[in-house]
Amino acid sequence: MLRIECPWCGVRDEIEFRYRGDAGAPRPAGDAPAAEFIAHVYERSNPRDWHAEWWLHVAGCRRLLRVERHTLTHAIRSVVDATDAREEPG
Amino acid sequence: MSGPARIGAGSDTDAAAKLRFRFDDRPMQGLAGDTLASALLANGVRVVARSFKYHRPRGPLTCGPEEPNALVDVIGAMGREPNRLATTLALHEGLEAQSQNRWPSLRTDLLAVNDRLARFLPAGFYYKTFMAPGWAWERLYEPLIRRAAGFGRIAPPRHGGANAHHGACAETVHDHCDVLVVGAGAAGLAGAHALAVAGLRVLLVEQQPAFGGGARLDASGQAWCDSMCAALRRFGNLRCLPGTTLVGAYGHGVYAALQDSTSEAAAAGRGLRERLRVIRARRVLFATGAVERLVAFPGNDRPGVMLAGAALNYLRRFGVAVGQRPAWFLNNDEAYESALALHEAGVECAGIIDARTHSLAAERARTAGIAVHLGAVVDAVHGGNAVSGLRYRDLRGGEVRRLRADCLLVSGGYSPSTALACQAGASLQWQQRIAAFVPQLAPETGQVAGAARGVFGLAAAALDGAGAARRIAGQLQSIAGPARTDAAPQPPLPPDPEATDLVPLWEVAGRGKSFVDLQNDVTADDVRLAAREGYTHVEHMKRYTTHGMGADQGRTGGLVGSAVLADALGVPVEQVGQSKPRPYAQPVPLAALAGAETGAHFKPKRRLPLHDWHEAAGATFVSIGTWLRPLVYSARKGWEPVLAEARHVRGQVGITDVSTLGKIDVQGADAARFLDFIYANTFSTLPVGRARYGLMLREDAMVFDDGTTSRLGPNHFLVTTTTANATAVLEHMEFHLQANCTRLDVHLTDVSERWAQFAVAGPQARAVLSAVASGLDLSNAAFPFMAAATATIAGLPGRLFRISFSGELAYEIAVPAGAATAVWSALLEAGAPHGIRPYGLDALNTLRIEKGHVTGAELNGNTSADDLGFQRLLKSDGDFIGRALARRPALAAPGRLQLVGVRPVDPARRLRNGAQLVTATEPKLSLGYLTSATPAVAFEGWAGLALLADGRARIGERLQASSPVHGESIEVSIVSPHMYDPENRRVRG
């Protein structure tokens with residue numbers, strides 16, 4: 001079971017969160033061609049590595065968090081609010 | 001003396017407290033503190049089970065949870081429970097146990113013929129034998145295999161049992177601590193003590209009812225253990241949980257343990273049996289000890305063949321001698337302890353066969369007067385239902401000798417119990433000194449100490465445990481409480497005796513079956529067969545032979561199987577490794593996982609604000625998700641009460657409770673922009689005081705949800721969702737707001753439970769509302785269809801919407817949930833002159849099907865806006881979720897299933913949900929299917945909605961609605977889904 005350190009609520013059990021998918025595959029711009037949207041919706045890498053993902057803290061602060069989790073060990077190396085994640089370069 | 005084999009007092013048993021029990025209907029006596037296995041052995045019972053595949057007679061191999069053989073059915077207040085371990089099952093007065101997997105009896109088992117047929121039943125024989133014909137698997141092979149294989153039988157209690165009186169038999173408890181110490185042997189006790197002294201919050205779990213582990217088998221160890229336990233009890237920051245087995249490590253410091261609560265529950269008069277403990281710990285200290293290994297040699301499964309350490313346990317803890325003339329076969333010094341102990345207790349020892357050529361312990365045994373044969377191995381066991389003797393062979397000269405013995409005590413060395421540490425992420429290293437793997441754990445997870453990492457001997461293990469504890473305490477200094485300087489230092493254990501190293505010993509070749517897994521009847525030959533057939537990876541070998549897949553997880557023979565495989569492949573055993581252990585480390589009853597969440601507590605129930613009113617009005621309730629909703633206001637079954645309610649709405653006026661709708665309050669300067677992005681249609685153009693139907697797509701352009709959204713102010717909207725998607729839509733909106741619309745000024749608030757909402761529908765609806773909504777002109781011009789306003793209703797502040805799901809002139813009234821009863825009553829009173837009556841979910845469904853409104857059956861995740869006839873709603877400019885993929889050519893391609901209405905040609909015939917639409921000429925080619933069906937009230941006969949290939953182009957055609965499960969096929973007309981008032985005259989009236 002994951003224990004996620006929510007920046008607002010502290011360390012909480014996975015059951016309080018809802019997984020919202022790959023945070024490394026941002027939604028294309030609204031006027032992007034269909035091919036980009038098809039890639040966004042259907043094409044996902046399945047890395048054995050660090051993976052950025054969205055977790056929504058539905059049973060807590062209801063904030064969206066960007067979590068970096070290792071898919072092999074489940075280790076979590078960073079948790080930031082989605083708003084802060086956006087300000088980071090890259 | 002409670003059994004002929006009870007030769008003295010045991011540390012666990014109370015000679016004064018005799019208990020009666022029954023095994024296979026035979027009455028026997030045991031002592032308080034006995035396990036079922038120790039009591040059976042005390043009574044001279046050797047055969048306690050038949051084996052899984054070959055139905056060979058079996059007796060206990062071990063004295064603990066690693067037991068592969070001694071599984072029994074227990075018949076008690078909880079019903080008949082299979083697969084309980086006799087070696088851990090505490091004896092109690094009146095215990096009734098039965099042996100498993102034998103027919104008709106333990107002594108004469110007809111399926112023991114499998115043993116003779118063994119050469120036709122090799123590993124993988126299911127896959128090879130039961131191949132053809134295809135039909136035979138389900139009807140012939142599987143029932144036969146199910147009868148022959150498997151273990152016990154499960155059955156509910158005969159007369160309701162404990163469950164009926166006390167509710168759930170299990171519960172879940174959550175624990176938090178700084179350090180979890182697993183195992184209370186020498187290493188665990190010393191470690192827990194050091195951690196508690198350091199001021200950390202410690203939780204110590206031990207699967208045995210008493211602490212001490214190996215320390216309890218020795219007088220000086222027992223004294224140390226007693227003083228340690230007394231010291232531990234004085235710490236306020238340490239909790240002890242005996243009888244608690246750690247069953248899983250789940251990462252992030254989360255562990256699960258199963259606590260046996262039978263004795264505690266019996267004392268409290270409750271039916272509680274297990275407690276599942278979910279433990280969250282910053283660090284873990286695994287002091288899980290080691291498990292003695294068996295050796296694969298022909299006949300190593302005969303009743304009477306037992307692990308040497310088990311014999312020592314039975315003697316010291318229960319006062320039971322496992323044989324009158326035991327012999328030993330071993331390769332290590334530790335195992336000599338059982339020989340010395342039994343000899344000292346006056347048991348005649350037949351002799352010790354040691355595979356090594358020299359040993360310090362052998363010299364001690366000879367001095368004591370026990371015959372030791374060095375450099376020899378056992379290659380045959382004589383006897384059927386009990387050992388009568390053995391044959392051993394000199395490794396150098398090859399001479400063969402025989403020894404008369406009634407039991408054979410085996411030891412192939414000790415394997416650290418690494419399963420839990422591995423689950424927690426430990427890696428394994430081979431240690432040649434003990435011929436076993438030891439775990440290495442990342443320090444940020446915890447430490448492994450004592451025999452669990454190959455440090456054998458009580459004194460050495462205690463020292464190791466204290467050392468590991470200090471390393472953990474060093475890391476957790478910052479969070480520790482004040483150190484307990486007042487704690488008295490504990491005296492050390494006496495030094496461990498010097499020992500000669502073991503020599504690896506895995507298998508002795510010979511005629512007959514040499515088992516590597518007794519529970520699943522896997523032999524060394526099976527492992528070699530797997531290797532020959534290409535299953536050379538230990539995980540493949542495991543799955544092909546089932547080695548280690550039993551409830552005991554092959555603890556006693558796991559490494560032996562790996563060694564046999566390594567030998568077959570010509571590689572060292574460390575290269576083959578061990579199969580990966582997964583939770584659960586011990587069998588866990590499903591009831592323990594369910595805990596108290598059974599019956600009425602299986603899921604929470606949400607009751608409407610008006611629940612009591614509905615109940616008093618005679619409603620039949622239906623469970624929709626977590627909600628309880630009134631289905632129909634009648635106890636009568638069948639359509640008539642439903643249709644009466646629906647007719648009343650069409651003809652006069654009805655009122656229904658729609659409070660379960662999801663309601664999301666959307667506010668902020670960018671609220672309209674945000675809704676334009678979330679919905680496929682436009683909301684920025686919606687005037688204040690108006691409502692609009694909204695269609696929400698997923699990014700893949702399938703319809704996600706629909707509902708009515710009203711603009712209450714320039715920057716204030718109220719979104720309603722379907723009941724089923726209330727949670728999902730809120731999460732969807734929150735996700736997109738925070739992930740994709742971060743610059744928008746929008747606030748989302750879930751107000752679903754704040755507002756009760758009722759629909760008043762029917763030709764008289766305006767007359768009813770006019771009487772209660774004061775100060776509001778409800779004329780068609782002033783408050784037209786799709787108008788929305790705040791309003792005072794029955795003197796209370798509320799909201800009024802002119803929206804309709806039924807297809808009639810209708811209003812929805814929203815009031816704060818606390819005012820629900822007052823307003824509902826006022827509406828009923830105002831409606832009384834017009835004959836208002838409540839209608840339930842079924843009537844609502846009838847009305848919406850006639851009208852052609854879609855709901856969950858049509859919004860099934862596979863339907864696009866175009867499929868449902870909503871293509872015109874999609875806005876042509878601006879971005880919204882689903883926009884790009886809605887233009888995929890495939891969604892406009894011929895053959896898409898489109899929404900249509902369906903009516904039987906013969907109005908006397910009924911429609912059925914799920915019926916397939918076919919042509920009369922091709923009755924097996926499905927063109928679509930019915931999603932909803934109801935008897936109609938607006939016209940004669942039934943009405944249905946369907947998803948039909950190119951449906952819109954087929955309107956006017958006739959097809960067959962075929963329901964093979966009902967043996968029916970009826971002719972139907974394909975019509976527009978809007979079967980009632982397609983011009984919307986009534987809703988606008």
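This is a predicted model: local features need pLDDT of at least 70, side-chain atom pairs count only at pLDDT 80 or more; totals for chains, interfaces and linings use all residues.
**View 1. Chain B as a whole.**
Chain B holds 27 helices and 49 strands. The C-alpha trace of chain B spans about 115 × 75 × 55 Å along its principal axes. Of the 989 residues in chain B, 52% are buried. Among contacts in chain B with a separation of 6 or more, 67% join residues 24 or more positions apart.

**View 2. The contact between chains A and B.**
On the chain B side 20 residues take part, in contact with 22 residues of chain A. Helix H22 (726-739) and helix H26 (883-886) of chain B each supply at least two residues to the side that touches chain A. H22(B) gives the most, with five residues. Sorted by class, the chain B side has six nonpolar, seven polar and seven charged residues. H22(B) lies across S3, S4 and S5 of chain A and runs at about 125 degrees to S4(A).

**View 3. The four-stranded sheet of chain A.**
The strands of this open sheet are arranged in the order S3-S4-S5-S6 (chain A), with antiparallel pairing. Which strands stand at the edges? They are strand S3 (18-22) and strand S6 (76-81) of chain A; each has a single partner strand, so one side of each is left without a neighbour in the sheet. On average, neighbouring strands of the sheet are turned by 30 degrees against each other, direction ignored. Strand S4 (residues 50-56) and strand S5 (residues 64-70) of chain A run antiparallel and are joined by seven bridges. A:His51 has A:Arg69 in S5(A) as its bridge partner.

**View 4**
Strand S1 (residues 3-6) and strand S2 (residues 10-13) of chain A pair in the antiparallel sense over four bridges. A:Cys6 stands opposite A:Gly10 in S2(A).

**View 5. Helix H21 of chain B and its cover.**
Helix H21 (residues 671-678) of chain B is mostly covered, with six of its eight residues buried. These are B:Ala671, B:Ala672, B:Phe674, B:Leu675, B:Phe677 and B:Ile678. An α-helix has 3.6 residues a turn, so residues three or four places apart point the same way. The cover over the buried residues of H21(B) includes strand S33 (662-667), strand S34 (691-697), strand S35 (703-713), strand S36 (716-721) and H22 of chain B.

**View 6. The largest nonpolar core.**
In soluble globular proteins, nonpolar side chains tend to be buried together. The largest nonpolar core here has 177 residues, of which B:Val181, B:Leu195, B:Val202, B:Leu285 and B:Leu408 touch the most other members. Helix H6 (residues 186-197) of chain B provides the largest share of this core, nine residues. Beyond its neighbours within four places in sequence, B:Leu195 is in contact with B:Val179, B:Val181, B:Leu200, B:Val202, B:Ala469, B:Ile472 and B:Ala473. Another core, of 112 residues, lies apart from it and has B:Ala646, B:Leu737, B:Ala759 and B:Ala791 among its members.

B:Leu899 is placed in strand S44 (residues 897-904) of chain B. Is B:Leu899 buried or exposed? B:Leu899 is buried, because 23 other C-beta atoms lie within 10 Å. Neighbours within four places in sequence aside, the contacts of B:Leu899 are B:Val854, B:Glu858, B:Asp867, B:Leu868, B:Gly869, B:Leu945, B:Leu947, B:Gly951 and B:Pro977. From C-alpha to C-alpha, B:Leu899 and B:Leu502 are 77 Å apart in space, and they are 397 residues apart in sequence.

B:Asp25, in the loop between strand S1 (14-23) and strand S2 (26-32) of chain B, has a positive phi of about 70 degrees although it is not a glycine. B:Asp25 counts as exposed because it has 7 C-beta neighbours inside 10 Å. B:Ala794 lies in the loop between strand S40 (788-793) and strand S41 (796-801) of chain B. Phi of B:Ala794 is also positive, near 50 degrees, in a residue other than glycine. B:Ala794 is buried, with 20 other C-beta atoms within 10 Å. The peptide bond from B:Pro583 to B:Tyr584 is cis, with omega near 0 degrees. B:Tyr584 belongs to the loop between helix H17 (573-576) and helix H18 (590-594) of chain B.

Conventions. Residues are numbered from 1 along each chain as its sequence is written. Chains are lettered from A and ligands numbered from 1 in the order in which they are written. Two residues are in contact if their C-beta atoms, placed from the backbone, lie within 7 Å. Ala, Val, Leu, Ile, Met, Phe, Trp, Tyr, Cys and Pro count as nonpolar, Asp, Glu, Lys and Arg as charged, and the others, Gly among them, as polar. Two strands pair if DSSP finds at least two bridges between them. A residue is buried if 20 or more other C-beta atoms lie within 10 Å of its own, exposed if 12 or fewer, and partly exposed in between; C-beta atoms are placed from the backbone. A nonpolar core is a set of buried Ala, Val, Leu, Ile, Met, Phe, Trp, Tyr and Cys residues joined through C-beta atoms within 7 Å. Axes are lines fitted to C-alpha atoms, for helices over the stretch in contact, and angles run from 0 to 180 degrees between N-to-C directions.
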